[in-house]
Amino acid sequence: MQQSAFIARCPYEIGDKVNITFYEGVAVIGGPITASTAEVVITDILAVHSCKRQQVTFMYEINNTKVLHLVEWEAVNRGK
């Protein structure tokens with residue numbers, strides 16, 4: 001078995017309130033406020049480490065219910 005370690009900085013903390021908008025099936029932060037925008041509380045943070053890519057991504061539990069990968073609005077705009 002391979003051993004791997006990582007150091008990563010999460011942009012959010014547990015208890016932070018953020019506005020998310022569901023845009024084309026993706027939870028987006030920092031986008032335009034629409035009818036589908038909701039303020040949520042981050043209740044847990046998961047660090048997902050890829051050994052192959054040597055990359056860490058974060059997933060967030062919101063309102064003690066759903067675990068989501070949150071995407072910044074700028075990343076959505078670049079993808080178009």
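These are my notes on two residues, T21 and V48, and the strands that hold them.

**Ground rules.** I am working from a predicted model, where local features need pLDDT of at least 70, side-chain atom pairs count only at pLDDT 80 or more, and totals for chains, interfaces and linings use all residues. Residues are numbered from 1 along each chain as its sequence is written, and side-chain values use heavy atoms, with hydrogens and water left out.

**Entry 1, T21.** I found T21 in strand 1, residues 17–23 (strands are DSSP runs of E, at least two residues, numbered from the N terminus). T21 has a relative accessible area of 8%, so it is buried (under 20%; exposed is over 50%, partly exposed in between, with a 1.4 Å probe and protein chains only). Beyond its neighbours within four places in sequence, its contacts (heavy atoms within 4.5 Å) include V26, V28 and P32. P32 is 11 residues away in sequence, and the C-alpha atoms are 7.9 Å apart.

**Entry 2, across to strand 3.** Which residue of strand 3 stands opposite T21? I see T37 there, and the two side chains make a polar contact at 2.7 Å (N or O atoms within 3.5 Å, one able to donate a hydrogen and the other to accept it; residues adjacent in sequence count only if both atoms are side-chain atoms). Strands 1 and 3 pair antiparallel over five bridges (pairing takes at least two DSSP bridges).

Next I looked up V48, which sits in strand 3, residues 37–50. Its relative accessibility is 36%, so V48 counts as partly exposed. Its bridge partner in strand 4 is T57. Strands 3 and 4 run antiparallel, joined by eight bridges.

Technical notes: Helices (H or I, at least four residues) and strands (E, at least two) are DSSP runs, numbered from the N terminus.
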